[in-house]
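The following exercises are to be worked through with the sequence and the structure at hand. Each task is followed by a solution in steps.

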Amino acid sequence: MKITKFLAAAAVGLTIASCSNPGQVKEKSSLNSEIDSLSYSIGLDMANKIKANFKEMDHDLFVQGFRNGIDSTNLLIESAEVNNIIRAYFQKQQEAKMKEFQEEQRKKAEAEFGEYKKENEKFLEENKKKPGVKTTASGLQYEVIKEGEGTQPTAEATVKVHYHGTLIDGTVFDSSVERKEPIEFALNRVIKGWTEGLQLMKPGAKYRFYVPQELAYGATPRPGGKIKPFAALIFDVELLEVK
């Protein structure tokens, strides 16, 4: 992780400074050599990166932690825990930023595709009332065209399938059937609707899935494709093999 690397570099820089001036930190008013300029630049660069990535830092505890680490005494945290604590904090920061970005994208898409979203929701609401259509707790709708035999795949399984995908208006956006080439993939690496739906099937089965946008691509489908934000997707899927 980048933050861990530059914090490690910070420790190295401070260690050098500490060894050069044991027991004290001296401030200079001028830079008189290449090493002076380099040393100061490393410290300044480190401070700028910390300010950019960790505005909440307690400077006193930062210095205390450094000093305790140098003499290996009075440790408030075991050294073995340090990397995990740093990693966990910045992972949470990244996740929060990702959620904020996704919410911004959802609001933008809602403003532009709000009517399209309602149209797809209405389709699913009416579709689930049709004979033969079943709905799972997550909202996934499906029809059994043909049952198969054998063992159903788990979420970690790799499967081989043929599929034909359309939008609710019949527009084909992807089809291994048209390409005449089945596809293999791990079930935990596809949209939620497929991960859930294919676990209902046995080899040789053919189902039709009606996937609500929450279990498909939501507000952020791949740019430039036929799938619009909030699109419900319809798939005819034949499970050929479980690996």
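**Exercise 1. Aromatic rings**

Which residues do ring pairs link into a cluster? The model under study is a predicted one.

*Solution.* 
Step 1. The cluster linked by ring pairs consists of Y163, F173, F185, W194 and F235.
Step 2. A search of the whole structure gives ten aromatic pairs. One of them joins Y89 and F90, with 5.0 Å from centre to centre and 85 degrees between the planes. Planes over 60 degrees apart count as edge-to-face, and the pair of Y89 and F90 is accordingly edge-to-face.
Step 3. F173 and F235 also form an edge-to-face pair, at 5.5 Å centre to centre and 85 degrees between the planes. This pair links distant parts of the chain, 62 residues apart: F173 belongs to strand β4 (residues 172-175), and F235 to strand β7 (residues 233-242).
Step 4. F235 counts as buried because its relative accessibility is 4%, and buried means under 20%.

**Exercise 2. Order of the elements**

State how many helices and strands the protein chain has, and give their pattern along the sequence.

*Solution.* 
Step 1. The protein chain has six helices and seven strands.
Step 2. Read along the sequence, the pattern is α-α-α-α-β-β-β-β-α-β-α-β-β.
Step 3. Of the 243 residues of the chain, 30% count as buried.

**Exercise 3. Strand pairing**

Determine how strand β2 is joined to β1 and to β6.

*Solution.* 
Step 1. Strands β1 (residues 134-135) and β2 (residues 141-146) run antiparallel and are joined by two bridges. K134 has Y142 as its bridge partner in β2.
Step 2. The hairpin of β1 and β2 has five residues between the strands, and G139 in this hairpin takes a positive phi near 105 degrees.
Step 3. Strand β6 (residues 206-211) runs antiparallel to β2, with five bridges between them. The bridge partner of V144 in β6 is Y207.

**Exercise 4. Charged side chains**

*Solution.* 
Step 1. Side chains of opposite charge can pair when their charged atoms come close. The structure holds ten salt bridges.
Step 2. A network of salt bridges links E103, R106, E110 and K117.
Step 3. K28 counts as exposed, with 65% relative accessibility, whereas D36 counts as buried, at 16%.
Step 4. K243 lies in the segment after β7 and E184 in strand β5 (residues 183-186), so the pair ties together parts 59 residues apart in sequence.

**Exercise 5. A nonpolar patch**

Which residues form a nonpolar patch on the surface?

*Solution.* 
Step 1. The patch is formed by L61, L76, I77, V82 and I85, which together have about 460 Å² of accessible area.
Step 2. I85 lies in helix α4 (residues 82-127), and I85 is partly exposed, with a relative accessible area of 40%.

Terms used. Residues are numbered from 1 along each chain as its sequence is written. This is a predicted model: local features need pLDDT of at least 70, side-chain atom pairs count only at pLDDT 80 or more; totals for chains, interfaces and linings use all residues. Side-chain values use heavy atoms; hydrogens and water are left out. Rings of Phe, Tyr and Trp (its six-membered ring) pair if their centres lie within 6.5 Å; planes under 30 degrees apart count as stacked, over 60 as edge-to-face and the rest as tilted. Helices (H or I, at least four residues) and strands (E, at least two) are DSSP runs, numbered from the N terminus. Buried means under 20% relative accessible area, exposed over 50%, partly exposed in between (1.4 Å probe, protein chains only). Patches are made of residues with over 30% relative accessible area and no salt bridge: like charges are joined within 9 Å, nonpolar side chains (Val, Leu, Ile, Met, Phe, Trp, Tyr) within 5 Å. Accessible areas come from the Shrake-Rupley method with a 1.4 Å probe; for residues, only the protein chains shown count as cover. A salt bridge is a side-chain nitrogen of Lys or Arg within 4 Å of a carboxyl oxygen of Asp or Glu. Two strands pair if DSSP finds at least two bridges between them.
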